Amino acid sequence: MNTLTNKLEKSTRNWLLLFITGLTFSGITAFPIETELKFLTENAGWLPKTAQDWVNAAYTAVKATNNQYPYLSYGTDWLAFAHLVLAVSFIGPLKDPVRNIWVVQFGMIACVLVLPLAFIAGPVRHIPFFWRLVDCSFGVFGIIPLYITYRKIKRLETLRG
């Protein structure tokens, strides 16, 4: 049983590391939005015309805003920071998954809440439907490793008695 527990703990940690890596990457890439949009605009030929138009419009808006009101990008800096802080919160389950299962549950709830935010705030902010689906994919793909982790933690809890 000890070998099974060790394998389960290792697998649980690997899934958590995958999720932490995704959150960290998502956070870090939120800082250079203008640079990323410029790159995407210059290399958007492979995207459908609607997506190209959206990327161009987003880049134009971000560039103009950064030129005239650079302090507004401070909001996306905080968005990036929030991703990094959330990634750090998953160190608890990494150290002791059973004791800190609540962090995984919190993460799953956050993933589910991405969908109503995208579909409520998206139309208000004039976000195209296809981009709302891209945003929703973060919640959908995020919940997968968390749910797998959750199931493994519940199994660990049972094995530990």
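Predicted model: local features only at pLDDT ≥ 70, side-chain atom pairs only at ≥ 80, totals over all residues.

Biologist: Which helix holds both Lys154 and Glu157?

Modeller: Helices here are DSSP runs of H or I with at least four residues, numbered from the N terminus, whereas strands are runs of E with at least two. Lys154 and Glu157 are 3 residues apart, about one turn of the helix. The helix in which both lie is α7.

Biologist: What N to O distance separates the side chains of Lys154 and Glu157 in their salt bridge?

Modeller: A salt bridge requires a side-chain nitrogen of Lys or Arg within 4 Å of a carboxyl oxygen of Asp or Glu. By this rule the structure has 5 salt bridges. In the one between Lys154 and Glu157, the N to O distance is 3.0 Å.

Biologist: Into which accessibility class do Lys154 and Glu157 fall?

Modeller: A residue is buried under 20% relative accessible area, exposed over 50% and partly exposed in between, using a 1.4 Å probe and protein chains only. The relative accessibility of Lys154 is 34%. At 35% for Glu157, that residue likewise counts as partly exposed.

Biologist: Is Glu9 buried or exposed?

Modeller: Glu9 also bridges to Arg13, with 3.9 Å between the closest N and O atoms. These two residues are 4 apart in helix α1 (residues 2-28), so about one helical turn separates them. Arg13 is partly exposed at 26% relative accessibility. With a relative accessible area of 16%, Glu9 is buried.

Biologist: At which residue does α7 bend?

Modeller: α7 has 32 residues and reaches 46 Å from its first C-alpha to its last, close to the expected 46 Å, the expected span being 1.5 Å times one less than the number of residues. A bend is the angle between axes fitted to the seven residues ending at a position and the seven starting there. For α7 a bend of about 25 degrees is found at Cys136.

Biologist: Against which helices do the buried residues of α7 pack?

Modeller: The buried residues of α7 include Arg132, Cys136, Leu146, Tyr150 and Leu159. Packing is judged by contact, meaning heavy atoms within 4.5 Å. On that basis the partners are α1 and α6 (101-124).

Biologist: How many disulfides does the structure hold?

Modeller: A disulfide is a pair of cysteine sulfur atoms within 2.5 Å. The closest cysteine sulfur to that of Cys111 is in Cys136, 11 Å away and therefore too far for a bond. Cys111 is buried at 7% relative accessibility, and Cys136 is buried at 6%. The number of disulfides is 0.

Biologist: Is His126 buried or exposed?

Modeller: His126 is placed in the loop between α6 and α7. Its phi is near 60 degrees, a positive value in a residue other than glycine. At 66% relative accessibility, His126 is exposed.

Biologist: How far apart in sequence are the parts tied together by Phe19 and Phe90?

Modeller: Rings of Phe, Tyr and Trp (its six-membered ring) pair if their centres lie within 6.5 Å, with planes under 30 degrees apart counted as stacked, over 60 as edge-to-face and the rest as tilted; the count comes to 6 aromatic pairs. The rings of Phe19 and Phe90 have centres 4.9 Å apart and planes at 65 degrees, so the pair is edge-to-face. Because Phe19 lies in helix α1 and Phe90 in the loop between α4 (74-89) and α5 (91-95), the tied parts are separated in sequence by 71 residues.

Note on methods
Residues numbered from 1 in each chain as written. Heavy atoms only, no water.
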